[in-house]
Amino acid sequence: MSELLHSLRDIVGAAQVLTHDDPGADLAAWEQDWRKRSRGRALAVVRPGNTAEVAAVVKACVAAGAPLVPQGGNTGLVVGSVPDDSGTEVVLSLTRMNRVRAIDGANLTMTVDAGCVLQNLQDAAETAGFLFPLSLAAEGSCTIGGNLATNAGGTQVVRYGNARDLCLGLEVVTAQGEVWNGLSGLRKDNTGYDLRDLFVGSEGTLGIITAATMKLYPQPAARLTAWAAVPDLASAVALLGLAHQHLGAGLTGFEVMGQFALSLVAKHFPQQRVPLWEHSAYCVLLENSDSESEAHAREQFERLLETAFEQDVVSDAVVAESLQQAHALWHIRESIPLAQAEEGLNIKHDVSIPVSRIPAFCEETDALLEREIPGVRLVNFGHLGDGNLHYNVQAPADGDPQAFLREQETRVNTLVFDAVARFEGSISAEHGIGSLKVDKLPQYKDPVALALMRSIKQALDPQNLLNPGRVLTR
């Protein structure tokens, strides 16, 4: 592979090709996944600076028969953007491609490089007077190319949709090293197959996203946050229905958090004041973005909560009185995964269920897991507004977390995924398949759908060089 490495250095510059043979080389940042569950070994890490360089790198790797692993911020949770341990895969890091290319205010769009960090994209939109609503816990390090490749969700899907819904056009380097320029920014273009939707959510297995044209929205006049205690998940679902009625399109966030999940935040981050959790099975975090005024937004919230109290859907509630208080409430929600990590290794699930069936799913699956594994602790939280739960399983309090993960993960996954299937849900709502769930997908995906997916993969990447072993097995 020395000839390939020589070619790659010619394309992007010697300083942008990193290998284990380099003096003092440490490729851990590119070879180890976000959850530190897997550490691979790359042939090289290549960092192109523009689309032409990406295309040339792909052509060089195709000629050498070297597999490519596209990578953005490496914040994925399903081991889909790090190399395997073969030492033959080239990691293609897009983080140098981080420009905001253009903002078109009249068209409400912005065109950005794939390596643009999500928070920087949000800030650029805000500076121009607009809102880019995609919001994730990892927004300070994840990139828009990775968000699109995994069709990321986040906290505002209930109003604005997933990354797919926010994308109008793409620029993609194909598996043959050709460049498809689909950065039109059009909201209507009915001229054949929607190629954009092939690449969004494909996890880098069909092509390499190098740029995107994304939707912008007007900044809301006011944004208010409320925290409500509810006695059970059925009440949370009822509150969601009331929120849709009272807030309409103003409902931009609806998160649910189980009591044990919040107890972990209170335990491991005592500086955070977690409201209302000690006497409530669940708490809900709501956001109302209003186009009129703060007074109007607060009036809507008050009417909503008044109705919820009258119907015994809510037992207590607080409305943030300042932006600082709102940020503090959202910080509690975002701290649940960190608190869970402090508690010890756990088995994570990112599932989606029809909203109407979530209470029954949790009741049945909670009981099943508690019966099969006495003492197991359930960390249940997520985006109830769009039906996405992070239904995580923690070892018993007196157990060994590492042993629990090693001995119980396969069994727990089967129990949870079988339940998801019974309730007509999905085993991956927003994290993707990667390599972590690639062996599970055939058990839960429609066989006709799988056959179509394999046909698309064969047509677009016949040599299987783009992120092989992720999403699909051959």
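Does Asp 113 count as buried or exposed, and at what relative accessibility? At 3% relative accessibility, Asp 113 counts as buried, where buried means under 20% relative accessible area, exposed over 50% and partly exposed in between, with a 1.4 Å probe and protein chains only.

The model is predicted, so that local features need pLDDT of at least 70 and side-chain atom pairs count only at pLDDT 80 or more, while totals for chains, interfaces and linings use all residues. Residues are numbered from 1 along each chain as its sequence is written, and side-chain values use heavy atoms, with hydrogens and water left out.

The protein contains 17 helices and 19 strands; these are DSSP runs numbered from the N terminus, helices being H or I of at least four residues and strands E of at least two. The radius of gyration is 23 Å, in agreement with the value near 23 Å for a compact globule of 474 residues; the radius is taken over C-alpha atoms, and the globule rule is 2.2 Å times the number of residues to the power 0.38. The C-alpha trace spans about 70 × 55 × 45 Å along the principal axes. Of the 474 residues, 54% count as buried. Contact is defined as heavy atoms within 4.5 Å. Among contacts between residues at least 6 apart in sequence, 72% join residues at least 24 apart.

Val 45, in strand β2 (residues 44-46), counts as buried at 0% relative accessibility. Leaving aside neighbours within four places in sequence, Val 45 is in contact with Gln 16, Val 17, Leu 18, Leu 27, Trp 30, Val 91 and Ser 93.

The protein carries 37 positive and 57 negative side chains, and the centres of the two sets lie 5 Å apart. Lys and Arg count as positive and Asp and Glu as negative, without His and the chain ends; each charge is placed at NZ of Lys, CZ of Arg, CG of Asp or CD of Glu. A salt bridge is a side-chain nitrogen of Lys or Arg within 4 Å of a carboxyl oxygen of Asp or Glu. By this rule there are 19 salt bridges.

One of them joins Arg 37 and Glu 409, with the closest N and O atoms 2.8 Å apart. Arg 37 lies in the loop between α2 (28-31) and β2 and Glu 409 in helix α15, so the pair ties together parts that are 372 residues apart in sequence. Arg 37 is partly exposed at 33% relative accessible area, whereas Glu 409 is buried at 17%.

Asp 113 forms a salt bridge with Arg 101 (2.7 Å, N to O). Asp 113 belongs to strand β6 (residues 109-113) and Arg 101 to strand β5 (residues 100-104), so this pair ties together parts 12 residues apart in sequence. Arg 101 is partly exposed, with a relative accessible area of 29%.

A further salt bridge links Asp 194 and Arg 196, the closest N and O atoms being 2.8 Å apart. Salt bridges that share partners join Arg 99, Arg 101, Asp 113 and Glu 171 into one network.

Lys 437, in the loop between α15 (401-422) and α16 (441-444), is buried yet has no salt bridge. The nearest side chain of opposite charge, Asp 350, is 4.6 Å away.
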